[in-house]
Amino acid sequence: MIVQIYTAQSADEAVALAALGVDHVGLTPTSVGLPGQITEAVAAEAVDALRGRARSVALSVEVDVDEIARMAQAVRPDILHLCGEIGAVGPEDVRRLRTLLPAGMEIMQAIAVGADGDLAMARAYAEVADYLILDSYTTDVQGVGAAGVTHDWSRSAEIVASVSVPVILAGGLSADNVAEAIAVVRPWGVDSLTRTNRPLGGGRFEKDLDAVSAFVRGAAGVPTL
């Protein structure tokens with residue numbers, strides 16, 4: 001079971017997550033006000049530090065394909081995570097985007113579970129993306145994800161069974177519910193952001209390494225203590 005953890009805010013934090021057994025370390029290189037956002041320069045440092053330790057994932061909520069490609073070229077993550085507003089970057093846009101990315105960079109497309117046409121969207125994006133990430137959606141945060149709440153796992157299970165690309169399950173997952181989520185959905189991987197944070201006040205946070213370690217154990221089927 002692949003474990004993906006968002007969001008590292010420095011190279012040191014990214015390496016610490018990898019040392020706990022995290023497979024995909026998520027980064028948020030933007031300035032639009034997303035939780036845990038960092039500069040592209042800091043994200044690029046984290047990407048370099050993760051090489052040989054874990055795969056790096058950088059998200060974008062942008063809607064302009066050329067701007068997305070520019071960020072990807074600057075940061076050079078292993079995986080580009082597209083999680084802008086629902087449908088803003090369509091499957092044909094993703095197909096074009098792939099031609100603009102560095103060789104070997106993969107694409108992960110977010111699907112807002114519970115949105116109108118979520119299953120049809122998942123099937124369409126599965127034709128052009130390397131991975132799907134099934135996430136919750138809120139209007140409180142730009143783009144798909146970072147909602148901190150679970151969604152209908154039975155719907156996610158239906159999507160997983162309907163596509164042939166690897167699927168990561170996200171949305172309100174923690175050490176307390178990840179094993180149950182895996183049993184219901186049967187995803188390729190699981191993701192956590194909000195439930196593995198330690199709040200610092202003023203909307204800031206750092207990763208709670210104990211919570212991350214428990215999440216990794218839970219995803220592996222080892223009881224958490």
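Which residues in α1 meet which residues in α2? The legends below begin with that view. This is a predicted model, in which local features need pLDDT of at least 70, side-chain atom pairs count only at pLDDT 80 or more, and totals for chains, interfaces and linings use all residues. Residues are numbered from 1 along each chain as its sequence is written, and side-chain values use heavy atoms, with hydrogens and water left out.

**View 1. Helices α1 and α2 cross at roughly 35°.** Welcome to the first close-up. Ala11, Ala14, Val15 and Ala18 in α1 meet Glu45, Ala46, Ala49 and Leu50 in α2, where contact means heavy atoms within 4.5 Å. Sorted by class, this contact has 7 nonpolar, no polar and 1 charged residues. For that sorting, Ala, Val, Leu, Ile, Met, Phe, Trp, Tyr, Cys and Pro count as nonpolar, Asp, Glu, Lys and Arg as charged, and the others, Gly among them, as polar. The two axes come within 8 Å; axes are lines fitted to C-alpha atoms, for helices over the stretch in contact, and angles run from 0 to 180 degrees between N-to-C directions. The crossing of α1 and α2 is right-handed, a label given if the near helix is turned clockwise from the far one by less than a right angle, with left-handed being the anticlockwise case. Helices (H or I, at least four residues) and strands (E, at least two) are DSSP runs, numbered from the N terminus.

**View 2. Helices α7 and α8 make a right-handed crossing.** The axes of α7 and α8 (residues 209–219) come within 8 Å and cross at roughly 35°. On the α7 side the contact is made by Val178, Ala179 and Ile182, and on the α8 side by Phe215, Gly218 and Ala219.

**View 3. Asn177 sits in the loop between β7 (167–169) and α7 (178–185).** Is Asn177 buried or exposed? With a relative accessible area of 13%, Asn177 is buried; buried means under 20% relative accessible area, exposed over 50%, and partly exposed in between (1.4 Å probe, protein chains only). The side chain of Asn177 reaches the backbone nitrogen of Ser174 at 2.8 Å. Leaving aside neighbours within four places in sequence, Asn177 is in contact with Thr150, Trp153 and Gly172.

**View 4. Arg51 meets the side chains of Asp48 and Asp78 in salt bridges.** A salt bridge here is a side-chain nitrogen of Lys or Arg within 4 Å of a carboxyl oxygen of Asp or Glu. The N to O value is 3.7 Å for Asp48 with Arg51 and 3.8 Å for Asp78 with Arg51. Asp78 lies in the loop between α3 (65–75) and β4 (79–82) and Arg51 in the loop between α2 (40–50) and β3 (55–60), so this pair ties together parts that are 27 residues apart in sequence. Asp48 is exposed at 52% relative accessibility, Arg51 is partly exposed at 43%, and Asp78 is partly exposed at 21%.

View 5. Arg155 forms a salt bridge with Asp118. The closest N and O atoms of the pair are 2.7 Å apart. Arg155 belongs to helix α6 (residues 153–162) and Asp118 to helix α5 (residues 118–125), so the pair links distant parts of the chain, 37 residues apart. Glu40, Glu67 and Arg70 are linked in a network of salt bridges. Across the model, the count comes to 12 salt bridges. Side chains of opposite charge can pair when their charged atoms come close.

**View 6. The backbone has a cis peptide bond from Tyr6 to Thr7.** Omega of this bond is near -10°. Thr7 is found in the loop between β1 (2–5) and α1 (11–19). Most residues other than glycine have a negative phi, and most peptide bonds are trans.

**View 7. Arg76 and Arg186 have positive phi values.** Phi is near 60° in Arg76 and near 60° in Arg186. Arg76 lies in the loop between α3 and β4 and is partly exposed, with a relative accessible area of 40%. The place of Arg186 is in the loop between α7 and β8 (189–192), and Arg186 is exposed at 60%.

Notes: A polar contact is a pair of N or O atoms within 3.5 Å; within protein, one must be able to donate a hydrogen and the other to accept it, and residues adjacent in sequence count only if both atoms are side-chain atoms.
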